[in-house]
Amino acid sequence: MRSKSVPRSYSRYGREAVAVLGQLIRIHRIERKLGIEELATRAGVSRDMMRRIEQGDPRCGIGLVFEAAVIVGVPLFESDRSCLTTLLVEQEDKLRLLPKAIHKPRTEVKDDF
């Protein structure tokens, strides 16, 4: 049996953040005199997908969006790329110290009648 697709809703903040990133990608692309087709080819996506990225469609894969941003020079997290590597190592160290999974406490069953 096939389940029906439930439309995904996004928070206003999330939608606005994706829209800003899409606009930054478009601005940087135009400043670098790259056509949308050329950027799409370099990013390995279709022209339609690149259009959706620039329009801030939140359903686009984050890896595709980040790759387009990197190609046109939009800074992600840190403008200095070596700082990003340091940040990645720090986050990996922090994740090693945290539990692998979160378990909710079990409630005891009171069965002594």
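This is a predicted model: local features need pLDDT of at least 70, side-chain atom pairs count only at pLDDT 80 or more; totals for chains, interfaces and linings use all residues.

Analyst: Residues are numbered from 1 along each chain as its sequence is written, and side-chain values use heavy atoms, with hydrogens and water left out.

User: How many helices and strands does the protein chain have?

Analyst: Helices (H or I, at least four residues) and strands (E, at least two) are DSSP runs, numbered from the N terminus. The protein chain has five helices and zero strands, and from the N terminus on its elements run α-α-α-α-α.

User: What radius of gyration does the protein chain have, beside that of a compact globule?

Analyst: The radius is taken over C-alpha atoms, and the globule rule is 2.2 Å times the number of residues to the power 0.38. For 113 residues a compact globule would come near 13 Å, but the protein chain has 21 Å; along the principal axes, its C-alpha atoms fill a box of roughly 75 × 45 × 25 Å.

User: Is Lys 33 buried or exposed?

Analyst: Buried means under 20% relative accessible area, exposed over 50%, and partly exposed in between, with a 1.4 Å probe and protein chains only. Lys 33 has a relative accessible area of 73% and is therefore exposed; this residue sits in the loop between α1 (12-31) and α2 (36-43), and its phi is positive, about 60°, although it is not a glycine. Val 20, by contrast, lies in helix α1 and counts as partly exposed because its relative accessibility is 43%. Over the whole protein chain, buried residues make up 22% of the 113 residues.

User: Which residues line the largest pocket?

Analyst: A pocket is an open set of points on a 1 Å grid over the protein atoms alone, where a 1.4 Å probe fits, with protein on both sides within 12 Å along at least five of seven lines, and lining residues have an atom within 4 Å of a point. The largest pocket is lined by Val 70, Gly 73, Val 74, Pro 75, Leu 76, Glu 78, Ser 79, Arg 81 and Leu 84. Its volume is about 180 Å³, where points are joined across faces, edges and corners and the volume is the space filled by probe spheres set on them.

User: Where does Glu 78 stand relative to Val 20?

Analyst: Val 20 and Glu 78 are 58 residues apart in sequence and 17 Å apart in space, C-alpha to C-alpha.
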